[in-house]
Amino acid sequence: MSDERLLNAMASLDGKYIKECVEYLEASRGLKKYRHFNTGLAVASIIVLFFVGCIGVKNRSAISDFFADVWKNRVNEKIDYSQLEYLDKISRDIGLSQYVNGVTLSIDSAIIGTNAAYFIITTEGIEYENDSYYFFENYDALIGNNRRGYTFYSLNYIGNETGVKNQWLLKYWNDSFRLLDTGKLNITISAENICRLTENGKKESLITESWKFEFDIPSETTEKVRGISDGNVSLNNDIYEIKLSSTQLSFKTQGSEQEPLNVKISAILKNGAIISSEVQSTGCISYDGKTWIRSYVALWNVPFDIDSIEKIIIGDTLIHNWQINQ
Amino acid sequence: MDDSKLIELFNARSELAIEELIKKYGRLCQSISYNILANSEDVEECLNDTYLSIWNSIPPANPNPLVAYICATVRNISLAMLRRNTAQKRKCEYTVVLDELEDILQARENVENEILSKELSGYIERFLDNQTEENRCIFLSRYYFLFSYEAIAQRTGLSVKNISVRLVRMRKALKKDLEKRGVM
């Protein structure tokens, strides 16, 4: 155990230091200081950016930025440049906006996975306060004009990066409908009435308006999808048909009417980072005339490049990277 | 609402005191507790305990400055919970900060050599007095409030690299200072 005396001693510091620090941080919050401005470096950066732009490298999308933050907070590591590049590659710019009664709601960008889709939605024109949580009173999302199986969607406030635009994440997931199976995806997203949650938990209605978008996007596969070789490997006999993609892992179990599996699923990357499964469906059950089959879909807590996997752990089943089909 | 008014509300046993306290310092308390515990449920529990503890202690306490009293209360309650939960070995800012400070004071087995925490606080205060206001705040942000480098950079408007360099320099200076005083 490390020596804790210094941290304990910090607790006994005179209150004037604490007060000074709190006041200083409050006062400098939001102030952008420009220090040590290196003109040469700035010019060089502009030249590099110009050439990068010329060779057609995609700009970083808001959804990539969002998942880079998730990577830091949930994977507890700063995202690798290669992973960031991969997020850019699989993200799609949507760029749709609607202006209603002083507020512009935009669907900025998206990552569409096999069964899950993530959209960054922004609002401009509502007053922004740093410490507040904003939410829509009602919202709806539908992808592919059907609600087969179990559909989950949520629209959560992420925060405000720019001081102007509030950002939201729309997460959509269906356990049985494969979003990428059709030629094009028809998407409907609607949201109404923006509210603010005050510090003491009260709801304050800010805008009573509604926004609705209906649009199509091509459903070509942008994320990497792989199967797992189940021949000559030590997979648990109960787990089969494992399919791996950048957003999820799916598999089936068979042979009994047992309770649905409730296991931890993790992907350990070559650099040691651990990506975990965030949502695991309880398993769609079917009977093929001989045995019961359960299908599972588990979403990774952040989309990532599956070529960087060292191993996958599903409960007590270990899958090495050489078992992943290329 | 200023702090003296807030204390008046506590003295009058008005429930508005807690509401106003949360409004003014709720976010700060949440940050301190989360930096230590890194778990939303535990943080919520700690915040409830903090507000209750402040409600029970004022009056008779009449802390000045109030903000330091609140910070110390939430920090102590969160650390107590962390110690109760050590078996869970969560990775949080507290453990990272401990690793950073390990080099300054090596753990000693001999109890006689232990210096009193109060005495050490005095040395740190003198060290802080010799720093600029900005450096003092960066040092406290890291080692009192346990903010991450990124959070400090965001709040001060400096770069993460700059924060890191300043903290390394201050740690070295503190180590030297303590060596001079025979604490090491």
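Predicted model: local features only at pLDDT ≥ 70, side-chain atom pairs only at ≥ 80, totals over all residues.

Me: What makes up chain A, in helices and strands?
Reply: Chain A has five helices and 17 strands. Of its 326 residues, 46% are buried. Chain A exposes about 16500 Å², and carbon and sulfur atoms supply 50% of that area.

Me: Why is A:Ile63 called buried?
Reply: The cut-off for buried is under 20% relative accessible area. A:Ile63 has a relative accessible area of 0%, so A:Ile63 is buried. A:Ile63 is found in helix 4 of chain A, residues 62–74.

Me: Which residues is A:Ile63 in contact with, leaving aside neighbours within four places in sequence?
Reply: Contact needs heavy atoms within 4.5 Å. The partners of A:Ile63 include A:Ser91, A:Ala110, A:Tyr118, A:Phe119 and A:Leu169. As for A:Asp88, the C-alpha atoms of A:Ile63 and A:Asp88 are 8.3 Å apart. Along the sequence, A:Ile63 and A:Asp88 are 25 residues apart.

Me: What share of the contacts in chain A with a separation of 6 or more joins residues 24 or more positions apart?
Reply: The share is 63%.

Me: What makes strand 1 and strand 5 of chain A edge strands?
Reply: Five strands of chain A form an open sheet in the order 1-2-3-6-5, with antiparallel pairing. Strand 1 (91–100) and strand 5 (151–160) each have a single partner strand, so one side of each has no neighbour in the sheet. From one strand to the next, the twist averages 20 degrees.

Me: How do you know that strand 5 of chain A pairs with strand 6 of chain A?
Reply: Pairing takes at least two bridges. Nine bridges join strand 5 of chain A to strand 6 (residues 166–174) of chain A, so these strands pair. They run antiparallel. A:Tyr157 stands opposite A:Trp168 in strand 6 of chain A.

Me: Which helix of chain A packs on the sheet, touching strand 1 and strand 2 of chain A?
Reply: That is helix 5, residues 81–90 of chain A. Its direction makes about 60 degrees with that of strand 1 of chain A.

Me: How many residues lie between strand 16 and strand 17 of chain A in their hairpin?
Reply: There are two residues between them. A:Gly315 in the turn has a positive phi of about 60 degrees. Strand 16 and strand 17 (residues 317–320) of chain A share four bridges in the antiparallel sense. At least two bridges are needed, so strand 16 and strand 17 of chain A count as paired. A:Ile313 stands opposite A:Leu318 in strand 17 of chain A.

Me: Why is helix 8 of chain B called largely enclosed?
Reply: Six of the eight residues of helix 8 (residues 149–156) of chain B are buried, so the rest of the structure largely encloses this helix. Among them are B:Tyr149, B:Ile152 and B:Arg155. Just after helix 8 of chain B, B:Gly157 takes a positive phi of about 80 degrees.

Me: How does the reach of helix 4 of chain B compare with what is expected?
Reply: Helix 4 (residues 66–84) of chain B has 19 residues. Helix 4 of chain B reaches 27 Å from its first C-alpha to its last, close to the 27 Å expected at 1.5 Å a residue. Its buried residues include B:Leu66, B:Cys71 and B:Met81.

Definitions and conventions:
Residues numbered from 1 in each chain as written. Chains lettered and ligands numbered in written order. Heavy atoms only, no water. Buried < 20%, exposed > 50% of the residue type's maximum accessible area, 1.4 Å probe, protein only. Expected span 1.5 Å × (residues − 1). Areas by Shrake-Rupley, 256 points an atom, 1.4 Å probe, with all protein chains shown as cover. Axes fitted to C-alpha atoms, helices over the stretch in contact; angles between N-to-C directions.
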